[in-house]
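Keep the model open beside you as you read.

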Amino acid sequence: MDARDELRTGPLTQLRWIGWAQRKAAEDWIREREISFEQGFTLGYLVENPGSIQRDIAQITRTSAASVSSLLQGLEKRGLIERRTEAGNERSKRVYATEVGKELIHGFDAAMASADDTILAPLSSTERATLQKLLTKITDSLPTPSRD
């Protein structure tokens with residue numbers, strides 16, 4: 001039995017393999033920009049949620065406040081994010097992606113759509129629709145993923 005046969009031992013193992021291929025495509029794209037996966041994820045989150053507070057970022061990344069602080073320091077040093085205090089509340093800082101940060105990750109969604117097309121290339125449009133229907137049937141009975 002070769003490595004591919006071992007990876008085909010069950011449908012959930014195969015789904016993890018697909019997830020690995022997606023994550024690898026994302027990591028490769030992000031690595032080309034000389035940032036970590038976590039930094040890229042955080043920048044993407046800040047583009048979609050400008051003015052987030054550190055606690056929001058810790059929750060969405062499922063990390064500690066200390067880890068987020070270190071992550072943000074690295075992004076700030078490169079000029080990819082900025083932290084701003086709000087008038088009347090100098091203790092709470094809001095975090096924003098800078099234009100440089102936004103530009104750095106621009107195109108990520110298109111790159112991931114292309115990776116998905118590559119992953120699904122062996123399937124016809126009918127097979128893709130069937131796969132979508134089957135996966136929807138499974139996920140409809142699962143709890144919705146939470147950010148907690």
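Two residues are in contact when they have heavy atoms within 4.5 Å. Helices (H or I, at least four residues) and strands (E, at least two) are DSSP runs, numbered from the N terminus. This is a predicted model, where local features need pLDDT of at least 70, side-chain atom pairs count only at pLDDT 80 or more, and totals for chains, interfaces and linings use all residues. Residues are numbered from 1 along each chain as its sequence is written, and side-chain values use heavy atoms, with hydrogens and water left out.

Begin at helix α4 (residues 54-61), where I57, A58 and I60 are buried, meaning under 20% relative accessible area with a 1.4 Å probe, protein chains only. Their cover includes α3 (37-48), β1 (52-53), α5 (65-77) and β3 (89-97). Just after α4, R62 takes a positive phi of about 55°.

Now turn to α3 and α5, which pack at an angle of about 80° with their axes 10 Å apart. α3 is therefore roughly perpendicular to α5, a label for angles of 65 to 115 degrees. In this contact, E38, Q39, T42 and L43 of α3 meet L71, L72, G74 and L75 of α5. By type, these residues comprise 4 nonpolar, 3 polar and 1 charged.

Finally, look at the largest nonpolar core, with 21 residues: I35, L43, L46, I57, L72, L75 and I81 touch the most other members. α5 gives the most to this core, with 4 residues. As for L46, its contacts include S52, I57, I81, V95 and A97, not counting residues up to four places away in sequence.

How values were computed
Buried means under 20% relative accessible area, exposed over 50%, partly exposed in between (1.4 Å probe, protein chains only). Axes are lines fitted to C-alpha atoms, for helices over the stretch in contact, and angles run from 0 to 180 degrees between N-to-C directions. Angles under 35 degrees count as roughly parallel, over 145 as roughly antiparallel, 65 to 115 as roughly perpendicular and the rest as oblique. Ala, Val, Leu, Ile, Met, Phe, Trp, Tyr, Cys and Pro count as nonpolar, Asp, Glu, Lys and Arg as charged, and the others, Gly among them, as polar. A nonpolar core is a set of buried Ala, Val, Leu, Ile, Met, Phe, Trp, Tyr and Cys residues joined through side-chain atoms within 4.5 Å.
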